[in-house]
Amino acid sequence: MGGGPRVPYPKHVWSPAGGWYAQPSNWKLNTAIFMGVIFGITAMTWKLSADREFRHKMPEPGRFYPSRYWSKQIREHEAAQKASKNEESKS
């Protein structure tokens, strides 16, 4: 099993991927570092998107909207609604 012997290849060829049959000894560390970089870029993009999000119409109360948990505008709107509702119930 395995498809036969390795094919002879020129030793002077360079490639950014490591060339033929590359298996760097620190591939696990490289993978972890790159996953961290991807996570960091995703987190920064998510934060920027959440900060720039603007809604002209607010979601209905009790209805599921995922961005309700991270959108500053929606959280402030719902806090104001809750405060006014509590103020009305006290009066």
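Among contacts (heavy atoms within 4.5 Å) in the chain between residues at least 6 apart in sequence, 3% join residues at least 24 apart. This is a predicted model, in which local features need pLDDT of at least 70 and side-chain atom pairs count only at pLDDT 80 or more, while totals for chains, interfaces and linings use all residues. Residues are numbered from 1 along each chain as its sequence is written, and side-chain values use heavy atoms, with hydrogens and water left out.

The chain has 2 helices and 0 strands, taken as DSSP runs numbered from the N terminus (helices H or I, at least four residues; strands E, at least two). Of its 91 residues, 9% are buried, where buried means under 20% relative accessible area, exposed over 50% and partly exposed in between, with a 1.4 Å probe and protein chains only.

Gln73 lies in helix 2 (residues 72-90), and its side chain reaches the backbone nitrogen of Arg55 at 2.7 Å. Beyond its neighbours within four places in sequence, Gln73 is in contact with Glu53, Phe54, Arg55 and Met58.

There are 5 salt bridges, each a side-chain nitrogen of Lys or Arg within 4 Å of a carboxyl oxygen of Asp or Glu; the table includes three of them.

| Salt bridge | N to O distance |
|---|---|
| Lys47 and Asp51 | 3.2 Å |
| Arg55 and Glu53 | 3.4 Å |
| Lys57 and Glu60 | 3.4 Å |

Lys47 and Asp51 are 4 residues apart in helix 1 (residues 27-52), so about one helical turn separates them. Arg55 is partly exposed at 22% relative accessible area, and Glu53 is likewise partly exposed at 22%. Lys57 is exposed at 61%, whereas Glu60 is partly exposed at 29%; salt bridges that share partners join Lys57, Glu60 and Arg63 into one network.

Terms used
Polar contact = N/O pair within 3.5 Å; in protein donor to acceptor, adjacent residues only side chain to side chain.
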